[in-house]
Amino acid sequence: MSKVSFKIMLTSNLQLLYRVLSVPESTPFTAVLKFAAEEFKVPAATSAIITTDGIGINPAQTARNVFLKHDSELQIYS
């Protein structure tokens, strides 16, 4: 099974180190959002993943689709 990797930064503190998450392509993006929120110790229920251009990402898709549409550099907004 192939994997995709995302480099995720926290928007409220871009000075923090980023996290790289590697997940199977078929992983629901909601799971990626939840795991990223846990890594940055922010509440997943009130967080969103956005692109570096500030475009929101619908979490109701697979990690592969997000990777293909938006590339690997993302930000978590809480």
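Strands E1 (3-10) and E2 (19-24) pair in the antiparallel sense over 6 bridges. Two strands count as paired if DSSP finds at least two bridges between them. Within this pairing, Lys-7 has Val-20 in E2 as its bridge partner. Strands of a sheet pair through backbone hydrogen bonds, either parallel or antiparallel.

The model is predicted: local features need pLDDT of at least 70, side-chain atom pairs count only at pLDDT 80 or more, and totals for chains, interfaces and linings use all residues. Residues are numbered from 1 along each chain as its sequence is written, and side-chain values use heavy atoms, with hydrogens and water left out.

The open sheet has 4 strands in the order E2-E1-E4-E3, with mixed pairing. E2 and E3 are the edge strands, each pairing on one side only. From one strand to the next, the twist averages 40 degrees.

H2 lies across E1, E2, E3 and E4, at about 65 degrees to E1. Such angles run from 0 to 180 degrees between N-to-C directions of axes, which are lines fitted to C-alpha atoms, for helices over the stretch in contact (heavy atoms within 4.5 Å).

The largest nonpolar core has 19 residues. A nonpolar core is a set of buried (under 20% relative accessible area, 1.4 Å probe, protein chains only) Ala, Val, Leu, Ile, Met, Phe, Trp, Tyr and Cys residues joined through side-chain atoms within 4.5 Å. These elements, which are DSSP runs (helices: H or I, at least four residues; strands: E, at least two), each supply at least two core residues:

| Element | Residues |
|---|---|
| Strand E1 | 3-10 |
| Strand E2 | 19-24 |
| Helix H1 | 29-40 |
| Helix H2 | 63-70 |
| Strand E4 | 73-77 |

H1 gives the largest share, 6 residues. Ile-8 is among the residues with the most contacts inside the core.

Technical notes: Buried < 20%, exposed > 50% of the residue type's maximum accessible area, 1.4 Å probe, protein only.
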